[in-house]
Every structure is written in C-alpha cells, then in structure tokens.
Amino acid sequence: MFIYSVKHISSSSANIKAWALDIPVHGAEATIVHGRLNICGWAISHQNMPLHLVVKYNNQTYSYPFSVARLDVIRAVFQEPAEPHSHLRCGFSVQIIAAAEIKLGFEHDGLIEWMATLTRAQ
C-alpha cells in the first residue's frame, strides 16, 4: 500500500465547470494491484465540450476518454434528472502504473489544462 498526497492546481477553469477526484483519496492508503493505481473521478465542461482525462507520469502522457455514467454527479451539479442528460458520461476510471508523481488534467480541443498532482509518500 502507498499513500498519495493530492495537490489540486485548480478546481475549475474557463473550460471546466467542476471536477472531482474520487480515488485516490488525499492522505489515505491507495490500493495498488499488480503495480497499478486506480484513478477515478469526474469532470464537467462548460458548453458541453467533449473532454479526455490526461495523465502524465514517467515522462509519458496518456489520454483517456470519459466513459463512466455518473448519475450522482448530474443530480448534484445540475439538480436535474440524470437520464437522459448530455453530460451523463462525465466519469473516468483508469488504471495506471503507480508512479511516484502523477499529473492529472483534462484535454479539450487539443488543449490540456493540468488540474492536480498526485505524489506518493516515501
């Protein structure tokens, strides 16, 4: 088990209305399975722009589409019925190598906005 600290660079931006990282939790033990860390959360863009999660570690950058339906987020953020909703698939869940430092961001129209840094405690 490792503990990661989560430093939020930004909670929103010109293109990101709101976002949250559900896993890993700041300061809590993170479950590592076969050397991989699960990263889960959600983000909602302004103007319904399509987003990708961008993860950078070990000098490599990876992009992942949002694919997880988050009924809870739609209800909380928009205070509307969750289905049907244009932002329904606003969640992400990826498994990456449990690197010492990981940067998280969101990509839209080829632009990456870095939102958080995860640092593994020594």
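Are Phe 66 and Phe 92 buried or exposed? Both are buried, where buried means under 20% relative accessible area, exposed over 50% and partly exposed in between, with a 1.4 Å probe and protein chains only. Here are my notes on the rest.

1. Before you start: this is a predicted model, in which local features need pLDDT of at least 70, side-chain atom pairs count only at pLDDT 80 or more, and totals for chains, interfaces and linings use all residues. Residues are numbered from 1 along each chain as its sequence is written, and side-chain values use heavy atoms, with hydrogens and water left out.

2. Confidence. The predictor's confidence in each residue, pLDDT, runs from 0 to 100. The protein averages 89, and 96% of the residues score at least 70. Among the elements, α1 has the lowest mean (84), while strand β6 (residues 52-57) has the highest (97). Helices (H or I, at least four residues) and strands (E, at least two) are DSSP runs, numbered from the N terminus.

3. Aromatic rings. Rings of Phe, Tyr and Trp (its six-membered ring) pair if their centres lie within 6.5 Å; planes under 30 degrees apart count as stacked, over 60 as edge-to-face and the rest as tilted. That rule gives 5 aromatic pairs.

4. Phe 66 is in the loop between β7 and α1, and Phe 92 is in strand β8 (residues 91-97), so the pair links parts 26 residues apart in sequence. Trp 19, Phe 66, Phe 92 and Phe 106 form one aromatic cluster.

5. Arg 70. Look for this residue in the loop between β7 (60-65) and α1 (71-78). Arg 70 is buried, with a relative accessible area of 14%. Its side chain makes a polar contact (N or O atoms within 3.5 Å; within protein, one must be able to donate a hydrogen and the other to accept it, and residues adjacent in sequence count only if both atoms are side-chain atoms) with the side chain of Asp 22, at 2.7 Å.

6. Cysteines. With a disulfide being a pair of cysteine sulfur atoms within 2.5 Å, the count comes to 0.
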